[in-house]
Amino acid sequence: MNILIVEDHPLISNAYEHALDYVSSNNIDLKFNIHKVTNCDDAYLKVKKALTGEVIDIVFLDIKLPPSKDRKIISGEDLGVKIRMLLPKAKIIIVTTYNDNYRINNIFKSINPEGFLIKNDLSPKELVLAIEKIIDNIPHYSKSVVQLMRKLTSNSFVIDDIDRTLLYELSRGTKMSELPQIIPLSKAAIEKRKRTLKELFNVDSKHDRDLLEIAEQKGFI
């Protein structure tokens, strides 16, 4: 099986590799070909190559990644959406520090991962269990994710790639007059998106900094 690890922290990346080695050592018929990358650009390149070459079976995906150089992939979530679209048979294991129930809900709706782990729950045993279950086509969610899922509301609103790009650009100080050159919407449509985000996050203030503060707390920036 071909494994892609997208993680910018070497200790975490090595932990995945050790867990994979343990699983293969207990199954003589199972071998892993492991590729590790640390950013969105290299990961997306691997994904595009998999369209015509060696398939990717499992992806370990961190959500908190720096944006791609062209700023078209803002985070690991954007990357996960592209992987799901381009490689629908690949199994995605989300591993993140984010533990906000709305953030978790959004990732489930946008990516629908086969595995979802909170880094604070990680242990060698947890990783091995996740790998073994997902290879057997059984979804696996760590304890914190299960607890957060119980708190989810029926809200069907999903923050999409345009919303994430809007929040990212506002956090960089990009002016509203410049946004239509980056986001394929009119200025009026972008303003409407921003108002909707403020309503979603219960932000009454007219100042963008209050919206950005809440969005950052929830892990969307």
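This is a predicted model: local features need pLDDT of at least 70, side-chain atom pairs count only at pLDDT 80 or more; totals for chains, interfaces and linings use all residues.
Reader: Is Asp62 buried or exposed?
Author: Asp62 lies in strand E3, where strands (E, at least two residues) and helices (H or I, at least four) are DSSP runs numbered from the N terminus. Not counting residues up to four places away in sequence, Asp62 touches Val6, Glu7, Asp8, Gly76, Val95, Thr96 and Lys119, contact meaning heavy atoms within 4.5 Å. Buried means under 20% relative accessible area, exposed over 50% and partly exposed in between, with a 1.4 Å probe and protein chains only. Asp62 has 3% relative accessibility, so it counts as buried.

Reader: Which residue of E3 stands opposite Val6?
Author: Strands of a sheet pair through backbone hydrogen bonds, either parallel or antiparallel. Two strands are taken as paired if DSSP finds at least two bridges between them, and E1 and E3 pair in the parallel sense over four bridges. In this pairing, the residue opposite Val6 is Leu61.

Reader: How many residues of E1 are buried?
Author: In a regular strand the side chains alternate between the two faces of the sheet. In E1, Asn2, Leu4 and Val6 lie on one side and Ile3 and Ile5 on the other, and all of these are buried. The strand is thus mostly covered, the number of its residues that are buried being five of five.

Reader: Through which helix does the chain cross from E1 to E2?
Author: E1 and E2 pair in the parallel sense over five bridges, with Ile3 standing opposite Ile34 in E2. The β-α-β crossover between them is right-handed: with the strands pointing away from the viewer, the path from the first strand over the helix to the second runs clockwise. The helix through which the chain crosses is H1.

Reader: Which strands are at the edges of the sheet?
Author: The sheet is open and has six strands, in the order E2-E1-E3-E4-E5-E6, with parallel pairing. An edge strand here pairs on one side only, and the two that do so are strand E2 (33-37) and strand E6 (140-141).

Reader: Which residues have the most contacts inside the largest nonpolar core?
Author: In soluble globular proteins, nonpolar side chains tend to be buried together. A nonpolar core is a set of buried Ala, Val, Leu, Ile, Met, Phe, Trp, Tyr and Cys residues joined through side-chain atoms within 4.5 Å. The largest has 28 residues, and those with the most contacts inside it are Val6, Leu61, Leu79, Ile94 and Phe116.

Reader: What angle does the direction of H4 make with that of E5?
Author: Two bridges join E5 to E6, which run parallel, and the bridge partner of Phe116 in E6 is Tyr141. H4 packs on the sheet, touching E4, E5 and E6, and the axes compared are lines fitted to C-alpha atoms, for helices over the stretch in contact, with angles running from 0 to 180 degrees between N-to-C directions. The angle between H4 and E5 is about 155°.

Reader: Which helix belongs to the left-handed β-α-β unit with E5 and E6?
Author: E4 and E5 pair in the parallel sense over four bridges, and E4, H4 and E5 make a right-handed β-α-β unit. The unit formed with E5 and E6 is left-handed, and its helix is H5 (residues 124-135).

Reader: Is Lys206 buried or exposed?
Author: Lys206 is placed in the loop between helix H8 (187-200) and helix H9 (208-217). Lys206 and Leu148 are 58 residues apart in sequence and, C-alpha to C-alpha, 30 Å apart in space. With a relative accessible area of 78%, Lys206 is exposed.

Terms used: Residues are numbered from 1 along each chain as its sequence is written. Side-chain values use heavy atoms; hydrogens and water are left out.
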